Each structure stands twice: as structure tokens, then as C-alpha cells.
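Reader: I would like to go through the aromatic rings here. Please show me the sequence and structure.

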Amino acid sequence: MKEVSNDLHKEAEMKLKAATGFRRVIDLLSSEQKLLVGHNSFLDMTHIYSKFIGPLPPTIDEYISSVHKVFPYIIDTKLLLNTDCAIQRLMKKQSTSLSSAFALLCPQIALSSEGSASVNQPGLKIEVQVDDMRSFNWNSGANHEAGYDAFMTGCIFAQACSHLGIGFDNNSLAKGLAEHENLQKYINLLYLSWNNGAMIDLRTGNESFE
């Protein structure tokens, strides 16, 4: 009877895990206090919250406080590109939209997806690994497809870190990116709007402008 009971318990646990689905990933990111990276991600965070955390709080202050408790470290690459002087010089006042920033900061990958020759540009070398089934079309992603947008955002963030003097060796990341001194003034700041430069600090709830 004990063995039957254990089997039923394991089966129930498996069903529960299957039903929980992607929520387990969200819970793990939260419990491990990982740095979340997005691009113009205020609305993305509201979707994540409403789908995996709970109903959106009735006020912006309550929402900001709750998001910060669940995800204490968030960085927005669009804000990073717009506010860092060194990266601004590199961008040459070009658009910081996701696709434009990707084409400028990661030209080797962006151009290879169009069948063009690779471009030599100083920065972090990014290697893409895919399985055999997908190797023939890994780079055919389109803008605004969630997976490819996430890939572009990750590439942009990696290059931005390189230009900020952040290495990706074990010694440089001993405390994790979330605690790296070169990123502190950008962490937990999100744009509230697409175009007016309003920002909110998730730690304090204070609003400011660029």
C-alpha cells in the first residue's frame, strides 16, 4: 500500500508540474533574483505579472512595489542605450529601436541573417549554437517574434556590457551582473512611455525624465 501511495503521490506531482508550466521558470527567476533584461520592457513586465504572478494591482504605486519584490533586478537595454554617453557616441544618434540597435551593435549576426558578408567590429564575439534540425534557418527570425526579439535583446545587452567594460569571465561575474558596479545606475529604471522619455525607478516609485 505504501508503494502505491508513493506512486500516486509522484503522479500527482508530475501532473501539478505539467499544469504549472512556464510559471516554474518565472518562480525560479524570482527566487534566484536573476537580472531580467528587456528592451522597452514596461509593458512586457505588466504582461508577465498578469499572466504568471497575479491580477494587476489597482494603482501604479502598488504595481511598482509588487514587481520590485518579485523581480528585484531589471535592466532595460533601450534606456541603457539612450543614457550611457559612451554607447551614445557609438550609436551616433541613430534609432535605439530593437531592430536598429541590433543591426548597429551586432552587425555580424544581423547581416548574416540577410545573407551578407560578416563585418569586423570591435566588441564581444557572440557564438550561436543550434541543433541540426534548426541550423539551416536559425537566423531567419523576424522582428516582433518573441523568441527572436529576446535573442536580439540579449545580443544588444552583451555588446553594451562589453562597451561598459564588463567582462564575462568568472572573475568579473563573481557577484553576478545584477551587482556589477558599472550597471548600477541603469538597473530598475524603466520607460513609462514609448516616446516622451518618462522613467520610473522600481526601487522608489519616483518618476523622472531623461
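Reader: What makes Phe102 count as buried?

Author: Buried means under 20% relative accessible area, exposed over 50%, and partly exposed in between, with a 1.4 Å probe and protein chains only. Phe102 has 3% relative accessibility, so Phe102 counts as buried. This is a predicted model, where local features need pLDDT of at least 70, side-chain atom pairs count only at pLDDT 80 or more, and totals for chains, interfaces and linings use all residues. Residues are numbered from 1 along each chain as its sequence is written, and side-chain values use heavy atoms, leaving out hydrogens and water.

Reader: Why is Phe151 called partly exposed?

Author: Its relative accessible area is 23%.

Reader: Why is the pair of Phe42 and Tyr63 called edge-to-face?

Author: The ring centres are 6.0 Å apart and the planes stand at 80°, so the pair is edge-to-face.

Reader: Which helices does this pair of Phe42 and Tyr63 tie together?

Author: Phe42 is in helix H3 (residues 42-53) and Tyr63 in helix H4 (residues 60-70), so the pair joins parts 21 residues apart in sequence. Helices are DSSP runs (H or I, at least four residues), numbered from the N terminus.

Reader: Are Phe42 and Tyr63 buried or exposed?

Author: Phe42 has 13% relative accessibility, so Phe42 is buried. Tyr63, at 6%, is buried too.

Notes: Phe/Tyr/Trp six-rings, centres within 6.5 Å; stacked < 30°, edge-to-face > 60°. Helix = DSSP H or I, 4+ residues; strand = E, 2+ residues; numbered from the N terminus.
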